Amino acid sequence: MAVRTTGNIKNGASPAVYMQNFLRKQVLENLEPELYFAKYGQVSQAENGYLTLSWARFDQLTRTVAQVTLTEGVTPTEVDATVTVVQATPVQYGMQVIISDFLQKTSPISSILELVGREVAANMMRVIDKVIQAELITNGTNVIYANGRANRAALIAGDVVTGADISKVAIKLRKQNAKTISEGCYVGIVDNFVAGDIRNTSSGLWLDANKYVTNGAILNGETGKLQGIKIVETSNIDTVATGITVYPSYFIGKDAYGIANWQNMETIFHPIGSAGSADPLNQRATVGAKIAFAAKMLQQNALVRLESAATSV
């Protein structure tokens with residue numbers, strides 16, 4: 001007896017033409033990383049008509065006790081005051097997606113433009129995060145290597161971050177007079193794998209955020225703190241490939257780096273029919289985003305980068 005099933009109901013190899021597919025109209029949301037670097041920079045908005053934005057810092061005066069001790073009736077030698085200027089020029093970043101009129105007409109998801117726009121914006125936010133990281137790893141000069149290694153090339157797979165490494169970072173920031181950011185603490189932005197190593201090697205000094213005994217502010221993404229450093233975790237850290245995968249971790253004081261905005265992030269929708277003669281048959285809609293900005297190191301003494309291996313899972 002021949003039994004017709006979903007596998008053989010169609011005359012041919014595949015039942016796809018006859019058996020229908022039900023597509024849920026609730027679209028799954030992509031799992032996006034937490035992004036923090038833009039939050040902890042000194043943000044400045046460039047005014048219209050300027051291609052360069054500058055930050056000025058009066059250099060520290062370093063006269064000694066002996067040099068400022070006065071002799072009665074004698075005018076002291078004047079001291080030169082100098083200014084360091086850091087300049088940034090913008091780079092424009094952008095992307096677009098083209099959606100056909102027929103796709104919009106036949107798509108079972110009616111909000112396709114909105115959903116594509118959401119993904120475009122998310123992609124651009126990840127790009128912004130990585131542009132800032134590139135500035136910090138390229139131009140940040142204060143670097144500590146895990147386990148007392150001399151340089152990046154000397155790191156081996158077992159050189160994960162320990163509580164002792166975090167202590168060195170905290171001491172260096174304090175010794176350099178870096179100002180704190182939140183509740184008297186610095187902020188550390190680390191990869192999730194590195195955060196796991198910190199928790200596992202801190203000799204009980206790690207304090208989970210949900211165990212704080214004070215009612216102070218908890219930062220978005222803060223998972224705990226150690227040695228006066230609040231730790232936030234992200235999967236968007238750019239690693240460096242040497243003999244091993246090297247994970248940079250960034251420990252930040254106030255005004256360590258600046259973010260200069262010329263054009264704020266904007267998501268742009270152009271519906272079908274908006275392009276005029278460039279789209280004479282009204283066949284295309286576009287969704288895009290753009291931004292013009294730059295990131296710059298401002299205070300070397302307010303940033304320490306700790307490079308290490310990490311325990312993956």
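This briefing describes salt bridges in the structure above. The model is predicted, so local features need pLDDT of at least 70 and side-chain atom pairs count only at pLDDT 80 or more, while totals for chains, interfaces and linings use all residues. Residues are numbered from 1 along each chain as its sequence is written, and side-chain values use heavy atoms, with hydrogens and water left out. A salt bridge is a side-chain nitrogen of Lys or Arg within 4 Å of a carboxyl oxygen of Asp or Glu; the count comes to eight.

**Asp238 and Lys130**

- The closest N and O atoms of this salt bridge are 2.4 Å apart.
- Asp238 lies in the loop between strand 9 (229–234) and strand 10 (240–241) and Lys130 in helix 3 (residues 112–139), so the pair ties together parts 108 residues apart in sequence; helices (H or I, at least four residues) and strands (E, at least two) are DSSP runs, numbered from the N terminus.
- Asp238 is partly exposed at 30% relative accessible area, and Lys130 is partly exposed at 30%; buried means under 20%, exposed over 50% and partly exposed in between (1.4 Å probe, protein chains only).

**Asp159 and Arg149**

- A salt bridge joins the side chains of Asp159 and Arg149, at 2.8 Å from N to O.
- Asp159 is buried, with a relative accessible area of 1%, whereas Arg149 is partly exposed at 29%.

- Arg152 pairs with Glu307 in a salt bridge, with the closest N and O atoms 2.7 Å apart.
- Arg152 sits in the loop between strand 5 and helix 4, and Glu307 in strand 14 (residues 303–308), 155 residues apart.
- Salt bridges with shared partners join Arg152, Arg305 and Glu307 into one network.
- Arg152 is partly exposed at 24%, whereas Glu307 is buried at 0%.
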